[in-house]
Amino acid sequence: MSEEAILENRTFDEIEPGETASLTRTLTARDIQLFALVSGDVNPAHLDADYAATDLFRRVIAHGMWGGGLISAVLGTELPGPGAIYLSQSLRFTRPVGLGDTITASVTVVEKRPEHRIVLFDCRCVNQDGDEVISGQAEVKAPAEKVRRPRTLLPDVYLRDHDGYRRLIELTSNGKPEPTAVAHPCSVAALLAAIEAAEAGLIAPILVGPEGKIRKAAGEAGKDIFTFRLVPADHSHDAAAKAVALVRAGEARLLMKGSLHTDELMGAVVPSAAGLRTERRISHAYIMDVPDHPTPLIITDAAINIAPTLEDKADIIRNALDLAHVIGIEEPRVAILSAVETVNPDMQSTLDAAALCKMADRGQIAGGLLDGPLAFDNAINEAAAKEKGIVSPVAGKAEILVVPNLEAGNMLAKQLTFLGGADAAGIVLGARVPIILTSRADSLRTRLASCAVAVLLARAATKAAPGLARAAQS
C-alpha cells in the first residue's frame, strides 16, 4: 500500500511548535452542491447564478464553511491526524471563494499545553494568488498514542441536477399555453399531471371523460377545476375518441393520456379516417435524463412498435431526429443498437442497422449522423468504443439510441430509470400532433418535461408550416 493511502498521526509528544501541515483543493460546482445537500444551506448566493450576478460579489461563491471544512480536514488527517479531538475554532472570512479558485488550507502549531494535551493552531486559507481568504485559531486535544491506518475510501456520489429538463421547460417560457385534449383524466395522478402543466403555463387542458369521475378525482386531489373546459364522455374509449376529435377539429393542438391504457388512446389515434395518422409511422420516444451523463438520451421505440420493420425503423429515426432538433441538438448522433457491433447475417437487427446507415448515406434519412450496428456500451461510452477499435463520429457519443424492438427498448429505459436513477419523459411522434404519455410513477419534473417537449414540437410545426393545422383538418 502506498504512503498516500496511509493516515499517520502526530502524538502530543511528537508535535513541535512551528510545525505545519496543509492541503489544497479547487472549488467546483459539484463541491458547492454537495455542501448544500449535506448542510441544507441553499442560499441563492451559492446555487443560483442569476441571483449571484446581482449580489455583492457578482458571482457564485462557496459557503464560508466549505473553507472551514478544509481546515478541519487538515487537523483530522494530517496534523495532529487520527485521534485528535476538535475543541474550538475561530474563523474570519476576508475574501470570497469562487468557482475555480484553488484554496490551500494550512495549520501551524503556536502553543502546546501539557495539561489535557491541548495544542493551539493558527489556521489560514489562501487562494491561488496568495490572497488570504480565511484566518483563525483552533484548539485541539492531541492524541497520546500513535495511529497508522489505511485511508478510508470514499463512496462514489452521483448528483442529479436535472439541468436538461429544466432547460427544456425554460425553452417554452415565451408563448401561450397550448390547448390540450386530456383523455380520461379520472385518477388523481392523471388529473394532477394536467393541472400541474397548466399551472406551469405549458398547456390549457380540455378535460375529456365522465364528468362525475373527473370531479371526484379533483376533490380527492384538493384542486379546483372550474377554469378548465370539460367535455363529457361515457367511458375511456369514448373519451379517447372525443379527445382525438377535438384535435381533428383544431380545438386542441396537443393530445395527453389520462388514466386509460396507452392501447386505448392509440386505438383512437391510428385509424386512417378518424384518427391522427400521417404518412409517417407513429413511434414513441423517451427523453432520458441520466445521472452523470452529459446530454439527454433519446431512446426509441419503447412503447408503440413491437417488432418494427426496416421501413418502420427508418420512420422511427426520422421522428427521433425531428425531436432532437427541436430540443436543441443540431446534428444528432444516432446509434442503431444490437447485441454486437458487427454485421451478422443471423441477427436481423445488425442487417437492419447496416441498411439504415446506407439509407442515410444516400439521403433517404437526413438530419443526423447514423452508425450501427453498435452495442449499448460502445454507443454511449468512448472508452468502450476505443477498446473495440471502433472509429466513428457516433460511437461513444450517441444522443439517439434506436433499439431493435419494443422489448429491448422498454427494458433499457426501465433499467436506466429504476437502477440508474434516470428520469424518462415520454412523447409519441409521427401523428398530426404530439401525444403526451405520462405514468403514475412519473415525478412532477418528468411530467412537466413531457409536456414541455410536446409544446416545443407543436410550436416548431407551426413555425415550419403555419397552415399545418388547417391542412390536417382537410
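Which residues does T180 touch, not counting residues up to four places away in sequence? T180 touches I203, A204, P205, I206, A252, L254, L255, M256 and I436, where contact means heavy atoms within 4.5 Å.

This is a predicted model, in which local features need pLDDT of at least 70, side-chain atom pairs count only at pLDDT 80 or more, and totals for chains, interfaces and linings use all residues. Residues are numbered from 1 along each chain as its sequence is written, and side-chain values use heavy atoms, with hydrogens and water left out.

T180 lies in strand β8 (residues 178–183). Helices (H or I, at least four residues) and strands (E, at least two) are DSSP runs, numbered from the N terminus. T180 is counted as buried because its relative accessibility is 0%; buried means under 20% relative accessible area, exposed over 50%, and partly exposed in between (1.4 Å probe, protein chains only). The T180 side chain also reaches the backbone oxygen of E178 at 2.8 Å.

**Overall form**

The chain contains 16 helices and 18 strands. Its radius of gyration is 29 Å, whereas a compact globule of 474 residues would have one near 23 Å; the radius is taken over C-alpha atoms, and the globule rule is 2.2 Å times the number of residues to the power 0.38. Along the principal axes, the C-alpha trace spans about 95 × 60 × 35 Å. Of the 474 residues, 46% count as buried. Among contacts between residues at least 6 apart in sequence, 70% join residues at least 24 apart.

**Nonpolar cores**

A nonpolar core is a set of buried Ala, Val, Leu, Ile, Met, Phe, Trp, Tyr and Cys residues joined through side-chain atoms within 4.5 Å. The largest has 57 residues, and those with the most contacts inside it are I225, I298, I317, L323, I365 and I427. Helix α15 (residues 444–464) supplies the largest share of this core, 10 residues. Apart from this core lies another, of 29 residues, among them I15, I32, I71 and V97.

Technical notes: A polar contact is a pair of N or O atoms within 3.5 Å; within protein, one must be able to donate a hydrogen and the other to accept it, and residues adjacent in sequence count only if both atoms are side-chain atoms.
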